[in-house]
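Please keep the sequence and the 3D view open beside the text as you read.

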Amino acid sequence: MDKILIVDDDFLTVQQLKNELETYGREVSYVTKAKLALLRLKKDNFDLILLDVKMPEFSGVELLKEIR
């Protein structure tokens, strides 16, 4: 089973993505802040991370650099 992490500050978008991906049997987790994503990634491994590019704290691009 694929584990997916959604990182997005728009809860409606998160819910839509989560619902759609779960219909395909994916295990979906989410966080609404980039800093929470970093904490979550220290605890769990994911097969795919979906990042929002524009977030208030720091962008998805900045988060991607931090993850690398």
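## Salt bridges, to begin with

A salt bridge here is a side-chain nitrogen of Lys or Arg within 4 Å of a carboxyl oxygen of Asp or Glu. Asp-44 and Arg-40 make such a pair through their side chains, at 2.7 Å from N to O. Both partners can be judged by relative accessible area, where buried means under 20%, exposed over 50% and partly exposed in between (1.4 Å probe, protein chains only). Asp-44 counts as partly exposed at 23% relative accessibility, and Arg-40 is partly exposed at 26%.

Residues are numbered from 1 along each chain as its sequence is written, and side-chain values use heavy atoms, with hydrogens and water left out.

The pLDDT is the predictor's confidence in each residue, from 0 to 100. Its mean over the protein is 92, and 99% of the residues reach 70 or more. Where is confidence lowest, and where is it highest? Helix α3 (residues 60-67) has the lowest mean, 85, while β2 has the highest, 97. Where pLDDT is low, the predicted coordinates should not be read in detail.

## The overall layout

The protein has three helices and three strands; these are DSSP runs numbered from the N terminus, with helices being H or I of at least four residues and strands being E of at least two. Starting at the N terminus, the elements follow the order β-α-β-α-β-α. The radius of gyration is 11 Å, close to the 11 Å that the globule rule gives for 68 residues, so the protein is as compact as a globular protein of that length. (The radius is taken over C-alpha atoms, and the globule rule is 2.2 Å times the number of residues to the power 0.38.)

Along the principal axes, the C-alpha atoms fill a box of roughly 30 × 25 × 15 Å. Buried residues make up 28% of the 68 residues. Contact means heavy atoms within 4.5 Å; of the contacts with a separation of 6 or more, 60% are between residues 24 or more positions apart.

## Strand β1 and its neighbours

Two strands pair if DSSP finds at least two bridges between them. β1 pairs with β2 in the parallel sense over five bridges. From β1 the chain passes through α1 to β2, and this β-α-β crossover is right-handed: with the strands pointing away from the viewer, the path from the first strand over the helix to the second runs clockwise. β1 also runs parallel to strand β3 (residues 48-51), joined to it by four bridges.

Which residues stand opposite Ile-4? In β2 the residue is Val-28, and in β3 the bridge partner is Leu-48. β1 is mostly covered, with four of its five residues buried.

Glu-22 and Lys-18 form a salt bridge, with their closest N and O atoms 2.6 Å apart. Both lie in helix α1, four residues apart, about one turn of the helix.

Leaving out residues up to four places away in sequence, Lys-18 touches Ile-6, Val-28 and Tyr-30.

## A salt bridge across the chain

The side chains of Arg-26 and Asp-2 also meet in a salt bridge, at 3.1 Å from N to O. Arg-26 lies in the loop between α1 (11-23) and β2 (27-31) and Asp-2 in the segment before β1 (3-7), so this pair ties together parts that are 24 residues apart in sequence. Arg-26 is partly exposed at 32% relative accessibility, and Asp-2 is partly exposed at 35%.

Gly-25 sits in the loop between α1 and β2 and is partly exposed at 38% relative accessibility.

Key. Predicted model: local features only at pLDDT ≥ 70, side-chain atom pairs only at ≥ 80, totals over all residues.
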